[in-house]
Amino acid sequence: MKRDAAQDILLESGTNEMEILEFYLEGQSFGINVQKLREIICYDPGRRTAMPESLPSVLGVYMVRGDSIPLIDLSSHLRQRTAVAPEAEARAIVLVCQFNRKVTGFLVEDVNQIHRVNWQSVEPMAPLIERFRPRFTGTIHVEDRDILIVDLEHILAEVDSDMDMSFSQNEGDDSVSETREDIGLMVAEDSVLIRAGIQKVLANAGYSRVEVFADGEECYQRLLCLKEQADSEAEFLKHVRLLVTDIEMPRMDGLTLCRRVREEIGVRDFKVVLFSSLITDEMAHKCQSVGADAWISKPQIPALVDLVDGFCFTDDA
C-alpha cells in the first residue's frame, strides 16, 4: 500500500486530531503517526543486503523502487536483542517511513488498521518511565487494547550517527549572550531525549530562562496563566518571548497549540517556531495556516538557535 496525494487523509490544521497506523510486534499493538508513513510493503528477502559491523537490530539495506534504505528490525531494537533475518516469516511487513529528511524501513510482524484519534486521548509517558528515556512517546486506548506510540526519531538517532541527538552546539556570540539570559523561552516537546537536547543547546547559547513541557496542553495552560496575570502585552513578553514546539504531542499537538495561541492568547509579538520531523512543503502550508512564524525540520539545531536569535534580537541586536 502506497500513500499518495489522492489517498492522503491528513486532517485540517489545528483540529488536534491525528491518524495512527496500528501494527504488531510479538502480538502487542504499537502505533506510528501516519504522516511519517510513505508506504507499506511485504517483506521480500531478495531485496535485503546484510551490512557487516552494523548494530544488532539493523538488518542491512533494503531496495525500494531502486533506492537502498536502512532496514531496522523494530522488535529486536525495542527489546535490545540481535535481529534474526525474517526469511521464514511469510507475513513480515516493511513500513517505509520518511521523517527528519530521511527514508527508513522498519520491519514489523503485521499491520492492523489506521485509527483516527484525538491527541487529547493520548496519554504521555509517566515521569518515572521517562527518566529511562523510553522509545515511546505515549499510549492510547483503542477498543479493548492499549497502543504504544513509538518514538521513531529516538530509534533512528540510536541507529544513525548522522541523526545524533546530543545536540552539540558552539557557544553563542558573546555580544549577544549577555542579553540572551534576559529572554524567556518555552519548549514543548514530548520526546524526553529531544526535549533535553534542545534545552541544553539553548542553555549553551546563553538562554537560561527556558520552561519545558512534555505536551502541548500543559504548555497552553501555562501560557493562559501568564496572559491572565499580565497587565499588558509588554509584561507578558517579559515572561516569555518565543515558543519552540513539536507538532506530534500527547493531549494537544503543535498545530493546535499554535492556532490557539494566535486565537486565544493573542499577543502579536509572541513568536512560535514549529520544530518537527514532519516538515514538508505540505506541512509548511499547514504551519503557515495556523499562524506559525517559522518552521524547521529536526535535527537542525544550529539553524533553530539562529531562528530564535533572529526573532529575539531583530529590533535590539
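This is a predicted model: local features need pLDDT of at least 70, side-chain atom pairs count only at pLDDT 80 or more; totals for chains, interfaces and linings use all residues.
Student: Let's start with the cysteines. How many disulfides does the structure hold?

Tutor: You look for sulfur pairs within 2.5 Å. Here the count is 0.

Student: And is Cys 42 buried or exposed?

Tutor: Over 50% relative accessible area is exposed, and under 20% is buried. Cys 42 has 59%, so it counts as exposed. Cys 97, at 0%, is buried.

Student: Now backbone angles. Which phi does Glu 26 have?

Tutor: Glu 26 is not a glycine, yet its phi is positive, about 50°. It lies in the loop between strand E1 (17-25) and strand E2 (28-33). With 39% relative accessible area, Glu 26 is partly exposed.

Student: Where does Glu 143 lie?

Tutor: In the loop between strand E11 (136-142) and strand E12 (145-150). Glu 143 also has a positive phi, near 55°. At 59% relative accessibility, Glu 143 counts as exposed.

Student: On to helix packing. At what angle do H6 and H8 cross?

Tutor: Take the angle first, then the handedness, then the residues. The axes of H6 (residues 216-229) and H8 (residues 254-265) cross at roughly 15° and come within 11 Å. Angles under 35 degrees count as roughly parallel, and H6 and H8 are therefore roughly parallel to each other. The crossing of H6 past H8 is right-handed.

Student: Which residues meet there?

Tutor: From H6, they include Cys 219, Tyr 220 and Leu 223; from H8, Leu 257, Arg 260 and Val 261 are among them. The residues of this contact divide into 7 nonpolar, 1 polar and 3 charged.

Methods. Residues are numbered from 1 along each chain as its sequence is written. Side-chain values use heavy atoms; hydrogens and water are left out. Buried means under 20% relative accessible area, exposed over 50%, partly exposed in between (1.4 Å probe, protein chains only). Helices (H or I, at least four residues) and strands (E, at least two) are DSSP runs, numbered from the N terminus. Axes are lines fitted to C-alpha atoms, for helices over the stretch in contact, and angles run from 0 to 180 degrees between N-to-C directions. Angles under 35 degrees count as roughly parallel, over 145 as roughly antiparallel, 65 to 115 as roughly perpendicular and the rest as oblique. A crossing is left-handed if the near helix is turned anticlockwise from the far one by less than a right angle, and right-handed if clockwise. Contact means heavy atoms within 4.5 Å. Ala, Val, Leu, Ile, Met, Phe, Trp, Tyr, Cys and Pro count as nonpolar, Asp, Glu, Lys and Arg as charged, and the others, Gly among them, as polar.
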